Amino acid sequence: ALPAQPTYRIASIPADGIGPEVIDAGIQVLQQLAETLKTFKLEFKHFDWSSETYKKTGKYIPDGGLDELRKHDAILFGAVDVPDHISLWGLRLAICQPFQQYANVRPTKVFRGTQSPLRTCNTGDLDWVIIRENSEGEYAGHGGRSHVGKPWETATEVAIFTRHSVERIMRFAFETAQSRPRKLLTVVTKSNAQRNGMVLWDEVAKEMSAEFPDVTVDKMLVDAMTTRMVLKPESLDTIVASNLHADILSDLAAALAGSIGIAPTSNLDPTRENPSMFEPIHGSAFDITGMGIANPVATFWTAAEMLGWLGEEEAGRKLLDCVENVCEKGVLTRDLGGKATTKEVTEAVCDEIRSTL
Ligand code: ATP
Ligand code: MG
């Protein structure tokens with residue numbers, strides 16, 4: 001008899017802009033993969049939470065919504081924000097915070113068949129994972145305004161760094177680096193100018209390196225890091241940085257890899273007490289919403305990352321391989337210099353799964 005197939009319950013939240021288009025594409029490809037491999041099953045439940053429902057109800061998540069979400073093994077998320085309602089973090093934060101998704105993981109690479117804007121960068125030269133502290137730091141929301149409207153008006157934005165949070169993200173980063181072939185971790189700070197929180201980062205990195213003797217640790221200041229990403233992309237592998245620094249570095253990384261339409265983001269609760277959330281790195285892209293030309297590749301890679309987190313690493317690798325094969329065949333959306341539509345790329349990936357797996 002065949003071994004029992006595990007069934008994973010996936011909550012999908014397409015939300016705003018191109019979110020519904022790319023999540024549809026992602027689910028189509030995931031279903032094809034499950035049908036072809038026959039090693040696991042997927043059950044999807046859709047949640048229509050978005051900026052639109054927020055405008056109507058004043059809530060991102062209806063009462064009891066989080067408990068409903070908690071029943072799932074993973075969350076597949078589209079994008080938030082609509083032009084007239086720049087909520088930025090609203091819905092995402094309403095999930096990330098209670099679910100303690102403190103590790104934000106952003107892999108980036110140059111796919112076969114695509115081009116980095118860096119003249120000297122070939123496929124294989126740029127293959128990074130950026131790990132972003134997702135719970136505190138510069139985005140902790142501590143601060144305030146005083147003397148408003150006066151010439152001496154003052155605003156403070158206090159960055160919060162607790163040993164607890166720095167240690168847990170650093171441990172996660174070391175473990176990630178250790179799991180990759182090069183076992184190289186670059187710890188990014190600005191400890192020459194920010195002499196408290198960033199120094200704590202450096203100290204924790206140094207302490208923890210004793211527990212991971214096989215991982216090479218490399219310290220970088222964030223300003224020098226931007227130069228190194230552009231000039232020596234092949235010298236980097238796993239990168240860990242604070243909330244703000246990693247936010248900026250990962251946008252740079254996405255651009256260097258060729259398009260923001262490629263890369264995924266995982267919001268992980270490494271304790272696995274709560275479901276983790278997987279989303280494409282790009283936003284709602286309202287300039288192309290409804291046009292059918294959004295690049296679904298970021299969502300496909302996101303789906304592959306989700307499978308990996310669920311324990312289906314091999315299925316995730318196979319999916320990503322099929323996606324790269326399709327890129328290599330030249331089936332590319334406009335952002336990657338091609339002419340294909342979302343639907344054409346999605347169908348090409350489904351065909352590739354059917355014919356090669
Ligand atoms: P947000 O604040 O929601 O992150 P943003 O202003 O950072 O939004 P995006 O929505 O990510 O911006 O879009 C930035 C640019 O990249 C836009 O021109 C958009 O059309 C393009 N873009 C984003 N995602 C995709 C995609 N999947 N396919 C093609 N183009 C995309
Ligand atoms: Mg953005």
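Colleague: How far does α9 reach from its first C-alpha to its last?

Modeller: Helices (H or I, at least four residues) and strands (E, at least two) are DSSP runs, numbered from the N terminus. The expected span of a helix is 1.5 Å times one less than its number of residues, and for the 13 residues of α9 18 Å is expected. The reach of α9 is close to that, at 18 Å.

Colleague: What is the mean pLDDT of the protein?

Modeller: This is a predicted model, in which local features need pLDDT of at least 70 and side-chain atom pairs count only at pLDDT 80 or more, while totals for chains, interfaces and linings use all residues. Residues are numbered from 1 along each chain as its sequence is written, and chains are lettered from A and ligands numbered from 1 in the order in which they are written. pLDDT is the predictor's confidence in each residue, from 0 to 100. In the protein, 97% of residues reach 70 or more, and the mean pLDDT is 94.

Colleague: How many of the 13 residues of α9 are buried?

Modeller: A residue is buried if 20 or more other C-beta atoms, placed from the backbone, lie within 10 Å of its own, exposed if 12 or fewer, and partly exposed in between. Among the buried residues of α9 are Phe 300, Trp 301 and Glu 305. The helix is largely enclosed by the rest of the structure, because the buried residues number twelve.

Colleague: Within what arc do the buried residues of α5 fall?

Modeller: Buried residues of α5 include Val 166, Ile 169 and Phe 174. The arc is that of the directions from the helix axis to the C-beta atoms. The buried residues line one face of α5, because they fall within an arc of 160°.

Colleague: Which exposed residues does the face of α5 turned away from its buried side carry?

Modeller: What covers the buried residues of α5 includes β4, β5, β8, α6 and β10. The face turned away from them carries His 164 and Ser 179.

Colleague: Is Lys 41 buried or partly exposed?

Modeller: Lys 41 is found in strand β2. Within 10 Å there are 14 other C-beta atoms, so Lys 41 is partly exposed.

Technical notes: Contact = placed C-beta atoms within 7 Å.
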